[in-house]
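Subject: Structure handover

Hello,

Here is the structure I promised you. Please open it, then read my notes beside it.

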Amino acid sequence: MSYCLVGCLVFWGVFSFAETDTLYLTWQGDPSTTMTIQWLEETKDKIPDLIEWKKMGQETWQESKTELSPSPNPALVLHRLELQHLVPDTLYQFRCRGKSEVYSFRTLSSPPNSLKCVIGGDVYHHQMAPVEKTCRQAALQEPDFVVLGGDIAYAISGGHASQERPERWRELLKTWSLTMRGVQNRMIPVLAAIGNHDTIGQFAQTSAQARWFLLFFPRPSGITSHLFCVGTFFSLWLLDSGHAQPVQGQQTAWLEETLQQYAHSLHKIAVYHVPAYPAIRRFDHPHSQILRKHWVPLFEKYHLNAAFEHHDHAYKRSFLLLKDRPSPNGVLYLGDGAWGVSNPRRPSFFRRPSYLQKVLAERHFIVAEFSKEGRSYTALDDQGRVLDRFSQEMIKKNI
């Protein structure tokens, strides 16, 4: 019997589901005109459900039926409804059939004058308590959306022979659904990049080993890398740092093609898991070297504004870097993934690497704000205390 099937049977035997207790929002299409509503359900009937929805203030509810996406566990299905043809910058309400609770969401403006997102990674590491604390603080920032940089549920614990633990996705999504809400019961959408603990085998695998991740964060392309755009105002590259796609080859070619295509986007950032400029691991770590060889030259060539890295369980902020050295025309690297880790890591180096401006052993998330005047990044801990700030004013050329 395969490890995956054993894990599924354990999941089926131990965990039960309350309908919609894993409800969360994400995007598959244009964030100004669509919204995707999802939840995982334990069911034998596999019957689509109904969502009632309307603009805030309207009296009449519209009805839409969910689609059922099979999961790797045959006893579980994901309910998915992508609402389309919505009005930009509009608050909508929705509720599930037979349920009294009313949720809301807001579509993004087109084009926006500003955007605020929360970015972090390495989420459900060991215990749920630190995850919940960080989530509640992140929700208090009232972001337009959240971006997670991999190792989300730690469903894969070890190496190539590790057993997948899909129950951890359910545990995380239940906490996420309860905590990541703003005023007016607004569900805050979430986007994600993949990490090694989201992939069976961790590195050098294919999409077949990332089925749970791709179930929860669907891609139109069916692969793990993805480009999320808000008009010409904001472009976000969600990259796979060698887990279900190789860094080199097709992914790098796609990265260059899209960086060139969106070169005139006002704000350009990338989110991925393994750091090119690590805070804790060695600078010459093979996975970091691959990123610096294939991606960093493209970031510099097409003037990426910031790259959010994770994996190391600490907070870091680099200098603006060009060819590994501080430069006013360089790229900013932020991270390194400590959303819900129980014990953030302390650097072991005697002297701080020359590429790093700040390193802290702190659980954190980063509030990234973008406007026509500039961009700012504020690192907060799980109690809402400011750990670090960095801002950039816009100049005539977007470099």
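A disulfide is a pair of cysteine sulfur atoms within 2.5 Å. How many disulfides does a search of the whole structure find? It finds zero. Cysteine 117 shows why: its sulfur is 13 Å from the closest cysteine sulfur, in cysteine 229, too far for a bond. Cysteine 117 is also buried, at 0% relative accessibility. Here buried means under 20% relative accessible area, exposed means over 50%, and partly exposed is in between (1.4 Å probe, protein chains only). Cysteine 96 is buried as well, at 1%.

Some ground rules. This is a predicted model, in which local features need pLDDT of at least 70 and side-chain atom pairs count only at pLDDT 80 or more, while totals for chains, interfaces and linings use all residues. Residues are numbered from 1 along each chain as its sequence is written, and side-chain values use heavy atoms, with hydrogens and water left out.

**Salt bridges**

Side chains of opposite charge can pair when their charged atoms come close. A salt bridge is a side-chain nitrogen of Lys or Arg within 4 Å of a carboxyl oxygen of Asp or Glu. By this rule the count is 17.

Take arginine 95 and glutamate 52. Their side chains meet in a salt bridge, 2.6 Å from N to O. Arginine 95 is in strand β7 (residues 91-96) and glutamate 52 is in strand β3 (residues 50-55), so the pair ties together parts 43 residues apart in sequence. Strands and helices are DSSP runs, numbered from the N terminus: a strand is E, at least two residues, and a helix is H or I, at least four. Arginine 95 is partly exposed, at 24%. Glutamate 52 is buried, at 19%.

Next, arginine 181 and glutamate 101. The closest N and O atoms of this salt bridge are 2.6 Å apart. The pair links distant parts of the chain, 80 residues apart. Arginine 181 is in the loop between α3 (167-179) and β11 (190-193), and glutamate 101 is in the loop between β7 and β8 (103-106). Arginine 181 is buried, at 18%. Glutamate 101 is partly exposed, at 35%.

Then arginine 385 and aspartate 381. Their closest N and O atoms are 2.7 Å apart. Arginine 385 is partly exposed, at 47%, whereas aspartate 381 is buried, at 2%. Elsewhere, salt bridges that share partners join Lys133, Arg363 and Asp382 into one network.

**A sheet**

Which order do the four strands of the open sheet take? They run β4-β3-β7-β8, and the pairing is antiparallel. Two strands pair if DSSP finds at least two bridges between them. The edge strands are β4 (62-65) and β8, each pairing on one side only.

β3 and β7 pair over five bridges. Tryptophan 53 stands opposite phenylalanine 94 in β7.

**Serine 288**

Serine 288 lies in helix α6 (residues 286-294). Is serine 288 buried or exposed? It is buried, at 2% relative accessible area. Not counting residues up to four places away in sequence, serine 288 touches Val274, Pro275, Ala276, Pro278 and Phe283. The backbone oxygen of proline 275 lies 2.6 Å from a polar atom of the serine 288 side chain.

**Backbone details**

A cis peptide bond joins serine 110 and proline 111, with omega about -5°. Proline 111 is in the loop between β8 and β9 (114-120). Another cis peptide bond joins glycine 335 and aspartate 336, with omega about 10°.

Phi of tyrosine 154 is near 50°, a positive value in a residue other than glycine. Tyrosine 154 is buried, at 5%. Asparagine 185 also has a positive phi, near 55°.

Best wishes

Conventions. Contact means heavy atoms within 4.5 Å. A polar contact is a pair of N or O atoms within 3.5 Å; within protein, one must be able to donate a hydrogen and the other to accept it, and residues adjacent in sequence count only if both atoms are side-chain atoms.
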